[in-house]
Every structure is written in C-alpha cells, then in structure tokens.
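Visitor: Hi, I'm new to this one. Could you walk me through it?
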Amino acid sequence: MPVTISESALYRYALPLTAPLQLGREAVTRRRGVLVRLATEEGCVGWGDAAPLPGFSDETLGDVEQHARAALPRWTGTSFFDAQGDLDAMLQDLPFEAEAPSSFRFAMEGAVVGAAAGAHETSVPQMLGTPRQTVALNALLPRSGANGPTQAVRRQEEGYRAVKVKVGRGDVEEDVARVRAIREALDASVALRADANRAWSFGEAVTFADGIDDLHIAYVEEPLVDPAHLDRLVERTGLPVALDETTREVPPATLRGLPGVTAVVLKPTLLGGVQCTREWRRVARDTGATPVLSGSYESGVGIQMLVALAASGPEVPVGLSTYDRLAADVYAPPLPVGGPSVDVPAVATPSTARIAWDRLDLIERVSA
C-alpha cells in the first residue's frame, strides 16, 4: 500500500546523564540528539532518533540538524510503497541523499518503519521479522576497580547471561589478571566478553591471548590498533575476535573474507540505520559469525528501535545497558529496560502520549 508523509518535524533534546561520560577526549554530561516525527495522510505516526556519538560518529549534531532541515521538505509529501513482506525493498526506496549522515538514516528509517507499522496495525518488531517476547542484555563492568570478580558474580546472580569487561587502557599483564579473575569467578554458563577498542599492538595482543588461552572467553572486540592483521592474530593465537569499529569502515561483504571472526558488534546509529544493520546480520549468519546489537547512548526512541531489531535477530545478549546512563529521557516515565532482560512488547511500542514535550525543542516543522 502507498504511504504518504503529510508532515515532518524535528525536535532537539539534551538529556542529563547519571555521571559524566568520557567519549574520546571529551567528558560529556548531557546526551544530545534530535528526534524526527513523521505523520502520514492516513493518520499514522513514526518517530526516529538521530544522536551522533561524539568521538565515534563521523558527523556532528550540527551536521545532522543542517542536513535534516534541508532534507525534510523533500521527504514531506513523498509516497513510498509499503510492502510489509519486503521491508528491505521499502527501505531501499527511501529518498536518502548519498551524503546523509548515519544517525539521520537510522532516525528516518526508524520513523518510516514506525509509520508503516501503524498503517498495518501491527508492531515495529513484527514489521522487522518474527520477534521474541524477551531480549537478553549484556552487563557492562566498570573499566577500573579491584572488585571486578565481585561485580561480575553480582550480575550473574541478577540473571545476566553475558558480562563485558573493558581492557586495553593499562598494562596487558594486568588485563590478563583481571580477566582471569573474573572468568574464574563466573559460572561457565555466563559468557565473558572483552573490548579492547583497538588498543594493542600485535605483540601486546599476542601476550593477552597467550595469557588467557586456557580460559573460555566469548570474544575480544577489536584487539589491534591495525585491524588488517586480525587474521594473522587469530591464526597465531586462536583468539576469538569480534569486529566493532571495522563494521563502520568496510561494507558487510568484507566479512566473507574474514573466516576467523567470531562476532560482529552492530551499532545502528553509527552504522547507518536499519537496512545496513540487517545486511550485516545476513552476512554474519552466512559466515557463522554472531551478530551482537549494541547501543550508542540513544534516547528511549532510539532504544525502542534497537530492542525491536534485537527481538527479530538471533537469541544472544545485546548491549543496551547504555540506557542506564540517562538520568532523564524523552519518555516520561522512562522505558523499563533495566535488568538482565527486556520485555519486548512493554518496551518496543512507540507512544506519543509518553513523550516528555518539555524536554524537546521544536527546530522545524514541514507540512505537505
């Protein structure tokens, strides 16, 4: 069925964080972004979240606002053919310009899917596939602190099936000792993931891999400063590795030439939206790598789309605990995302009635 966008609007938000967030060289105290609202002639509404992450996104929030102001008049009045059975075809036909920022693509695709779900009188998770009713979350341990094993056991007792620890900021041997202590404190049924954020030279990564060789580690994200040597590292050590930053630098088909990759961490805000994330997931399925969805400190509107995407993907714990860092949200009350798992129907249903309008500033409204 054809769906026509009759009105679009852009809102700016700045949400306080529970504590300053170190993003690259910047200590961020507020999470800033813009919400897109699309309304159709049929009376359906869809929301999307564009929140570039400082130090990680290629674009700034200013870039997004500038692009959105120019793009929304072109989108408004546009009709797209909504074939529920071929979501990817619908997304491919959306009128993006080549230079559209990644976070803007995520927001617009999310808003379109939301509006299409309303037109079909179904949910966003149903539009994306056959969703599960719950999504398991990954627990993130603080980077520093001597109580890593104690904290890990506490997360295990709370019901988390996966725990993630940051490595790569200090001495490699200290990282080995910390990861070893945490792994030995956890039951074998709890997956332990590590994230090095491209911190190590090849030699340092080998030292880490040799130091944990007898442990069962799910994977280490981006261990090398130069990811071109990942295959050689896997061949030399057998270390299970995951891609993160690399997914934003190369097309999904690249994964077919990397047989040693265990997992891919997919962040739709940084990747460039729903369609790109789904393509990475398809290639991962074909190559035997595990796709792990992850957040980038989005607002509740963005989290809803991430939960919907996770619910229609493989049953694996995902990284959406970033929502805990918001002291306030664009929704009031905030979404029930805490705990070891998320109730998908309770979280992934957009609700204009819950929008905290006093936390939004209208930037632009365009009518057909």
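Guide: Happy to! Let's begin with two terms: helices (H or I, at least four residues) and strands (E, at least two) are DSSP runs, numbered from the N terminus. Two strands pair if DSSP finds at least two bridges between them. With that, there is an open sheet of 7 strands in the order E6-E7-E8-E9-E10-E11-E12, with parallel pairing. This is a predicted model, where local features need pLDDT of at least 70, side-chain atom pairs count only at pLDDT 80 or more, and totals for chains, interfaces and linings use all residues. Residues are numbered from 1 along each chain as its sequence is written, and side-chain values use heavy atoms, with hydrogens and water left out.

Visitor: Which are the edge strands of that sheet?
Guide: They are E6 and strand E12 (290-293), each of which pairs on one side only.

Visitor: And how many bridges pair E7 with strand E8?
Guide: E7 and E8 (residues 191-195) are paired in the parallel sense over 5 bridges. Alanine 162 has alanine 191 of E8 as its bridge partner, and lysine 166 has aspartate 195 of E8. Strand E6 (residues 139-140) also pairs with E7 in the parallel sense, over 2 bridges. There, alanine 139 stands opposite valine 163 of E7.

Visitor: Is E7 buried or exposed?
Guide: Buried, where that means under 20% relative accessible area, with exposed being over 50% and partly exposed in between (1.4 Å probe, protein chains only). In E7 (residues 162-166), 5 of the 5 residues are buried, so the strand is largely enclosed by the rest of the structure.

Visitor: Which residues of E7 sit on which side?
Guide: Ala162, Lys164 and Lys166 are on one side, Val163 and Val165 are on the other, and all are buried, so both faces are covered. As background, in a regular strand the side chains alternate between the two faces of the sheet.

Visitor: Let's switch to helices. What about H3?
Guide: Helix H3 covers residues 102-119 and has 18 residues. The expected span of a helix is 1.5 Å times one less than its number of residues. For H3 that gives 26 Å, and its end C-alpha atoms are 26 Å apart, which agrees.

Visitor: How many residues of H3 are buried?
Guide: 15 of the 18, so H3 is largely enclosed by the rest of the structure. After H3 comes glutamate 121, whose phi is positive, near 55 degrees.

Visitor: Which residues touch the most others in the largest nonpolar core?
Guide: A nonpolar core is a set of buried Ala, Val, Leu, Ile, Met, Phe, Trp, Tyr and Cys residues joined through side-chain atoms within 4.5 Å. The largest core has 116 residues, and Val113, Leu128 and Leu255 touch the most other members. Strand E1 (residues 2-23) gives the most to this core, with 10 residues. A second, separate core has 6 residues, including Tyr219, Ala263, Val265 and Val316.

Visitor: What is leucine 255 in contact with?
Guide: Contact here means heavy atoms within 4.5 Å. Leaving aside neighbours within four places in sequence, leucine 255 is in contact with Leu243, Val261, Val264, Trp280, Val283, Ala284, Thr287 and Ala289.

Visitor: OK, charges next. How many salt bridges?
Guide: The count comes to 20. A salt bridge is a side-chain nitrogen of Lys or Arg within 4 Å of a carboxyl oxygen of Asp or Glu. One of them joins arginine 12 and glutamate 65, at 2.8 Å from N to O. Arginine 12 is in strand E1 and glutamate 65 is in helix H1 (residues 61-75), so this pair links distant parts of the chain, 53 residues apart. Arginine 12 is partly exposed at 31% relative accessible area, while glutamate 65 is buried at 11%.

Visitor: What about aspartate 88 and arginine 282?
Guide: Their side chains meet in a salt bridge of 3.0 Å, N to O. Aspartate 88 lies in helix H2 (residues 87-92) and arginine 282 in helix H10 (residues 274-287), so the pair ties together parts that are 194 residues apart in sequence. Asp88 and Arg282 are also linked with Arg278 and Glu279 in a network of salt bridges.

Visitor: Last one: how many disulfides?
Guide: A search of the whole structure finds 0, a disulfide being a pair of cysteine sulfur atoms within 2.5 Å. As for individual cysteines, cysteine 44 is buried at 12% relative accessibility, whereas cysteine 276 is partly exposed, with a relative accessible area of 23%.
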